[in-house]
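Please read these notes with the sequence and the structure open side by side. Each point takes up one part of the fold.

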Amino acid sequence: MSIRRPDIVLLVLDTQRSDRLSCYGYAKETSPNLDAFAASATLFRNAVSAAQWTVPSHASMFTGLYPSAHQVLQSYSVLPSHITTLAERLSANGYYTAGFCNNPLVGVINNGLRRGFYSFLNYSGLLTSRPNQAGYSPQLLDRYRQAFKRLLAGALNWVQDSFARSELLLAFSFTPLMVPLWQTALSFKGNTSKSLDDAAQLLINRRGLGDEQPIFTFINLMGTHMPYHPPRLYVERFAPHVLQDKAAQHYLQQFNSDIYGWLAPLADALDERQKMTLDGMYDAEVAHQDDQLGAFLQKLQENGALNNTLTIICSDHGEHLGEKHFVGHSISLYNELVRVPLIIRDSTGTFPRGAIREDVVSTRCLFHTVLAAAGLASEIEEPLSLAHSSASSDRQVFAEAIPPQNVVNLLYKRQPELVLSHACDQPRRAVWIGNHKLIETGGDRLELYDVRNDPQESLNLTDIFPESVEFLQECLQLFAANGEAITTLERAFSYDDPELQRRLRNLGYLED
């Protein structure tokens with residue numbers, strides 16, 4: 001009797017910092033359900049995202065490549081057609097591939113990240129998608145309604161896609177008229193509960209699938225992403241001062257509506273009350289999402305859906321909450337952004353229960369890990385699976401932060417002095433070897449940190465260990481040279497439209 005290949009669940013907690021989870025040592029009990037899951041899984045204490053924001057990070061997880069190799073670097077980027085995605089590999093080898101996505105940058109924009117998914121449901125944006133109801137025979141009127149909905153969805157997706165690719169439309173979306181609209185009516189953060197319920201139904205009921213057909217499920221949750229609107233119960237636990245302090249309420253309201261402020265470096269540091277407000281509200285969102293995640297995992301466990309499943313819970317990146325004069329996740333490669341949670345559980349013992357891995361690993365290797373678990377990894381890919389622990393002191397892990405160009409353009413228009421002082425327009429690359437991490441910004445700004453003993457990266461060691469800096473910089477130079485030679489950048493179909501280019505140039509967003 002043949003054994004069915006494992007189901008695979010890749011669950012991305014978008015914008016989740018590892019240092020705000022109890023299982024990663026956070027003093028506040030923000031994540032009891034994830035903690036319980038981690039106790040029966042392998043927890044990676046030093047997982048590193050390949051990039052600092054959603055699009056390149058997901059592209060790395062879906063392709064196994066660093067950003068400079070897959071070239072999905074901007075909101076208008078398209079994954080080159082010759083690069084095969086994880087879903088395409090799995091689908092071609094018999095997996096049913098399904099996505100349940102709350103992030104419009106992955107679920108709406110036509111950037112190629114949905115390639116290979118038989119079903120991909122989007123829970124954010126102008127028109128959310130819903131699962132097909134297998135076994136339901138609609139009457140003629142219902143069929144017309146479904147056809148109309150598909151046409152409308154295509155038109156609305158084009159509108160949303162255009163907003164992501166145009167600096168002009170992006171700037172318009174930041175106006176006081178638009179911000180309340182896309183945060184509420186447009187379901188910017190999606191629907192966590194609905195997406196988890198739909199994913200659970202697929203994994204438990206397996207409707208329409210053969211007994212031996214395995215499932216690959218990708219889930220993206222946006223609960224901890226700005227803006228912060230957690231239920232009152234969680235505010236009472238983690239940010240009670242906000243309920244009483246009018247000044248804190250005013251600051252939070254202003255922060256939630258100031259989308260530009262999520263992108264720009266801070267001209268002045270947050271004061272103690274502002275920092276406490278952001279920290280508390282972020283923690284409240286973490287705890288709220290953790291309760292929803294707990295219900296999802298419990299449902300799967302009770303129905304036996306985890307018995308033959310590789311479950312990966314991770315983040316695409318973290319979030320700055322005022323540290324080092326940054327807010328959001330547009331620019332830096334500090335630990336607040338690129339040190340992410342990663343917890344893996346399987347039914348074979350490949351990832352031991354209750355184990356903690358200290359080696360530095362890249363989330364790009366989730367691609368290889370999934371293929372290895374499915375029995376599809378090549379001889380070159382197999383050694384990169386995270387099933388293989390490495391305590392080698394010379395193992396190199398990289399991350400890249402290529403500035404989002406539409407963000408840089410907006411910063412130049414509003415606060416050019418911050419662009420210069422924080423090098424917002426310069427690419428950043430980082431390398432980890434052993435305890436040390438070197439960040440290179442624009443080729444001339446160097447920062448060396450001992451990330452094991454100084455995880456907050458408070459002491460720059462470049463002047464203390466110049467030989468280490470020289471060696472690590474050579475590693476970065478070799479990495480950059482290899483990455484740039486791999487492929488060229490494809491651009492989305494609408495970005496090079498002559499009329500759009502003319503309008504952007506007239507508004508000062510493009511140079512002649």
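This is a predicted model: local features need pLDDT of at least 70, side-chain atom pairs count only at pLDDT 80 or more; totals for chains, interfaces and linings use all residues.

1. Strand S14 (residues 436–441) and S15 pair in the antiparallel sense, over six bridges. Helices (H or I, at least four residues) and strands (E, at least two) are DSSP runs, numbered from the N terminus, and two strands pair if DSSP finds at least two bridges between them.

2. Residues are numbered from 1 along each chain as its sequence is written, and side-chain values use heavy atoms, with hydrogens and water left out.

3. Which strands form the open sheet, and in what order? The order is S12-S13-S14-S15, four strands with antiparallel pairing. Strand S12 (397–401) and strand S15 (445–450) stand at the edges with a single partner strand each, so one side of each has no neighbour in the sheet. Direction ignored, neighbouring strands here are turned by 15° against each other on average.

4. S12 is mostly covered, with five of its five residues buried; buried means under 20% relative accessible area, exposed over 50%, and partly exposed in between (1.4 Å probe, protein chains only). In a regular strand the side chains alternate between the two faces of the sheet. From S12, Val 397, Ala 399 and Ala 401 point one way, and Phe 398 and Glu 400 the other way. Five bridges join S12 to strand S13 (residues 428–433) in the antiparallel sense, and the bridge partner of Val 397 in S13 is Trp 432.

5. S1 has seven of its seven residues buried, so the rest of the structure largely encloses this strand. Asp 7, Val 9, Leu 11 and Leu 13 lie on one side, and Ile 8, Leu 10 and Val 12 on the other. S1 runs parallel to strand S6 (residues 309–314), to which six bridges join it; Val 12 has Cys 314 as its bridge partner in S6. Six bridges also join S1 to S5, again in parallel, and there Leu 10 stands opposite Phe 218.

6. How do helix H9 (residues 192–205) and helix H13 (residues 272–302) lie against each other? Their axes come within 10 Å and cross at roughly 10°. Axes are lines fitted to C-alpha atoms, for helices over the stretch in contact, and angles run from 0 to 180 degrees between N-to-C directions. H9 and H13 are therefore roughly parallel, a term for angles under 35 degrees. The contact (heavy atoms within 4.5 Å) includes Leu 196 and Leu 203 of H9 and Leu 293 and Phe 296 of H13.

7. Buried residues of H9 include Thr 192, Leu 196, Ala 199 and Leu 203. Strand S1 (7–13), strand S3 (96–101), strand S5 (215–221) and H13 are among what covers the buried residues of H9. Just after H9, Arg 206 takes a positive phi of about 50°.

8. For the chain as a whole, there are 19 helices and 15 strands. Of its 512 residues, 58% count as buried. Among contacts with a separation of 6 or more, residues 24 or more positions apart account for 73%.

Terms used: Angles under 35 degrees count as roughly parallel, over 145 as roughly antiparallel, 65 to 115 as roughly perpendicular and the rest as oblique.
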